[in-house]
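Here's a quick briefing to read with the model open in your viewer. Take a look around first, then work through the topics below.

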Amino acid sequence: MRKPVQRGFRKLLRRHLVGIIIIAVSIIATAGFLYWYTSTTEAKIATIKKHSAAQSAAADVQIKVIKAQKAAELKAKQEAAAKAAADQAQIADSSTATSVNSSDCNTATTHNNPASIDVVVNKKHCIQPVTYIPGDLVSIGSGYVLSAKAAPSFNEMMAAASAAGISLSVTSSYRSYSDQVSTYAYWVNTSGKAGADTYSARPGYSEHQTGLAFDISSNGCVLSCFGSSTAYTWMQANAATYGFIQRYYAGSESITGYDAEEWHYRYVGTTVAKDMEAKSIKTLEQYWGISGGNYY
Ligand SMILES: [Zn+2]
């Protein structure tokens with residue numbers, strides 16, 4: 001026999017069946033919706049997280065790059081400042097006679113008179129005094145001057161070259177001590193002291209200061225270009241006739257202390273120039289037995 005409560009419940013169930021089903025379906029639908037909503041939102045958050053992680057990693061990389069750039073810029077600035085300071089110090093050094101060590105800048109007891117055509121000026125033998133100015137400078141045209149000991153021969157040589165159809169132009173002749181201070185300082189500033197020393201004399205060590213040397217070009221062909229010109233061939237054949245020698249030959253660098261300079265000539269007089277030619281002696285250092293090469 002069923003209990004009256006159970007009967008009552010069944011009656012209730014039958015009467016409200018549709019409503020109960022609707023409620024049940026609603027609950028299931030709501031739960032489903034919530035599940036769907038939650039899972040898609042989580043997926044979205046995960047994607048956003050992933051994205052922002054990638055973005056911050058990219059930002060990190062950018063920050064690192066910028067930091068590296070800043071560090072490189074700072075380093076370059078510091079190096080430039082250090083170089084400028086070093087250059088200034090070198091220029092200051094080259095601008096004073098203190099860069100010439102007078103105790104060892106001219107140990108020769110011969111060939112040391114700057115007023116004589118047999119003087120030797122090289123990296124071991126400065127001019128003494130270092131501020132020496134020839135007392136007999138004369139014009140050779142175009143604003144250039146040479147010692148009166150060399151100028152007449154120079155003019156004769158230029159006339160002979162011109163008659164032979166050879167074009168020669170002076171690019172440098174006598175240079176004073178102070179000219180050499182600025183010339184050398186310029187090259188030190190450009191190439192550093194070691195670099196400058198290979199092609200520019202320190203003040204007091206330039207043969208140009210004797211008034212016996214000059215540099216030459218042909219039709220705008222200057223410096224090393226001159227060595228391959230027909231004018232150079234002419235100079236090789238004729239310079240000695242007028243008492244001039246090419247002072248710095250290729251192959252004599254360790255003796256003269258300078259790289260080859262096909263454009264630089266020095267007056268030594270016809271007797272010496274011809275004798276050197278006859279004996280195939282290329283340098284004054286070898287001809288007169290004077291030490292040369294680099295600075296002390
Ligand atoms: Zn020269």
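How many helices and strands are there in the protein chain? The protein chain has eight helices and six strands, where helices (H or I, at least four residues) and strands (E, at least two) are DSSP runs numbered from the N terminus. Keep in mind that this is a predicted model: local features need pLDDT of at least 70, side-chain atom pairs count only at pLDDT 80 or more, and totals for chains, interfaces and linings use all residues. Residue numbers start from 1 along each chain as its sequence is written.

**Overall layout**
- Starting at the N terminus, the elements of the protein chain go α-α-β-β-α-β-α-β-α-β-α-β-α-α.
- Of the 296 residues in the protein chain, 28% count as buried; buried takes 20 or more other C-beta atoms within 10 Å of the residue's own, exposed takes 12 or fewer, and partly exposed lies in between, with C-beta atoms placed from the backbone.
- Looking at contacts in the protein chain with a separation of 6 or more, 68% come from residues 24 or more positions apart; a contact puts two C-beta atoms, placed from the backbone, within 7 Å.

**Strands and pairing**
- Four strands make an open sheet, ordered β3-β4-β6-β5, with antiparallel pairing; strands pair if DSSP finds at least two bridges between them.
- At the edges sit β3 (169-172) and β5 (244-248), each pairing on one side only.
- From one strand to the next, the twist averages 50°, taken between lines fitted to C-alpha atoms, with angles from 0 to 180 degrees between N-to-C directions.
- β5 pairs with β6 (residues 261-267) in the antiparallel sense over four bridges, and Gln 246 has Tyr 265 in β6 as its bridge partner.
- β1 and β2 also pair in the antiparallel sense over four bridges, forming a hairpin with two residues between them; Val 138 stands opposite Leu 146 in β2.

**The bent helix**
- Helix α4 (residues 177-197) spans only 16 Å between its end C-alpha atoms, whereas a straight helix of 21 residues would span 30 Å at 1.5 Å a residue; the expected span is 1.5 Å times one less than the number of residues.
- α4 bends by about 115° at Ser 191, the bend being the angle between axes fitted to the seven residues ending there and the seven starting there.
- Buried residues in α4 include Gln 180, Tyr 184, Val 188 and Asp 197.

- Most residues other than glycine have a negative phi, and most peptide bonds are trans.
- Gln 128 and Pro 129 are joined by a cis peptide bond, with omega about -5°; Pro 129 is in the loop between α2 (17-94) and β1 (137-141).
- His 111 has a positive phi, near 55°, and counts as partly exposed because it has 18 C-beta neighbours inside 10 Å.
- Ser 142, in the hairpin turn, has a positive phi of about 55°; this serine is exposed, with 9 other C-beta atoms within 10 Å.

**Nonpolar cores**
- The largest nonpolar core has 24 residues, and Leu 146, Phe 244 and Tyr 265 are among those with the most contacts inside it; such a core is a set of buried Ala, Val, Leu, Ile, Met, Phe, Trp, Tyr and Cys residues joined through C-beta atoms within 7 Å.
- α3 (151-163) gives the most to this core, with four residues.
- A second, separate core of 17 residues includes Val 119, Ile 127, Val 130 and Tyr 205.
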